[in-house]
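Reader: I am new to reading protein models, and I would like to go through this one slowly. Could we take it question by question?

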Amino acid sequence: NGFPNCCSIYLMCASHNTVVGNNISRSGCGIWLCKASNNSIFGNNLTANAYDGIMLYQSSSNDIYENDITDHGTGIWLQLSSMNNGIFRNKIAMNWRACIVLWSGNYNSIFENEMMNSVNGVRLYVQSSNNTIYHNNFINNTSQVCEFDSINTWDDGYPSGGNYWSDY
């Protein structure tokens, strides 16, 4: 479909890489990992990319943290068996689809993110289950969460706790 050709950074079947300190804007997709594992994506500024800030496709055991991700279709999108990824301490805002989307993504940890001013904070589709989502700030999203055919944990248990919801 040509989609990787319009990405600023594209890692396919890659492992143990670090993507850090990039300013990426006005691309199709900022950073795309395809069948990639054990990579770190942090300290990047992604702004106004047409589709997604960061996309993982069949990618596992990656850490995505401390990125500023603003004005995309989706801030971070995990697709098709992207599992055991850590998404934490990101600032994700003003996305017309969602801050974070999981499409058949399982066993991921999403914590300490700020997700705001988007259509959805988090969208979970197609049996995206067994994800742990806690200590996030959901602020002024049209819908804080959309969950379809998925069962997830929204609290880290006592005394740690759950998420902040601006409309609660």
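**Salt bridges and sheet**

Author: Arg89 is partly exposed, with a relative accessible area of 38%, and please keep in mind throughout that this is a predicted model.

Reader: Which residues are linked with Arg89 in a network of salt bridges?

Author: The side chain of Arg89 meets that of Glu66 in a salt bridge, with 3.0 Å from N to O, and it also meets the side chain of Glu112, with 3.7 Å from N to O. The residues linked with Arg89 in this network are therefore Glu66 and Glu112.

Reader: Is Glu66 buried or exposed, or something in between?

Author: A residue counts as buried under 20% relative accessible area and as exposed over 50%, with partly exposed in between. Because the relative accessibility of Glu66 is 41%, Glu66 counts as partly exposed.

Reader: Why does Asp52 count as buried, and what is the class of Arg97, its salt-bridge partner?

Author: The side chains of Asp52 and Arg97 meet in a salt bridge, at 3.7 Å from N to O. Asp52 lies in strand 7 (residues 52-57), while Arg97 lies in the loop between strand 12 (91-93) and strand 13 (98-103), 45 residues apart. Asp52 counts as buried because its relative accessibility is 2%. Arg97, by contrast, has a relative accessible area of 22%, so its class is partly exposed.

Reader: Turning to the sheet, which strands are its edge strands?

Author: The open sheet has six strands in the order 2-5-8-11-14-17, with parallel pairing. An edge strand here pairs on one side only, and this holds for strand 2 (18-20) and strand 17 (132-134). Across the sheet, the twist averages 5° from one strand to the next. The edge strands, to name them again, are strand 2 and strand 17.

Reader: What is the bridge partner of Ser40 in strand 8?

Author: In general, strands of a sheet pair through backbone hydrogen bonds, either parallel or antiparallel. Here strand 5 (residues 40-42) and strand 8 (residues 63-65) run parallel and are joined by three bridges. In strand 8, the bridge partner of Ser40 is Asp63.

Notes
Residues numbered from 1 in each chain as written. Predicted model: local features only at pLDDT ≥ 70, side-chain atom pairs only at ≥ 80, totals over all residues. Heavy atoms only, no water. Pairing = 2+ DSSP bridges. Helix = DSSP H or I, 4+ residues; strand = E, 2+ residues; numbered from the N terminus. Axes fitted to C-alpha atoms, helices over the stretch in contact; angles between N-to-C directions. Salt bridge = Lys/Arg side-chain N within 4 Å of Asp/Glu carboxyl O. Buried < 20%, exposed > 50% of the residue type's maximum accessible area, 1.4 Å probe, protein only.
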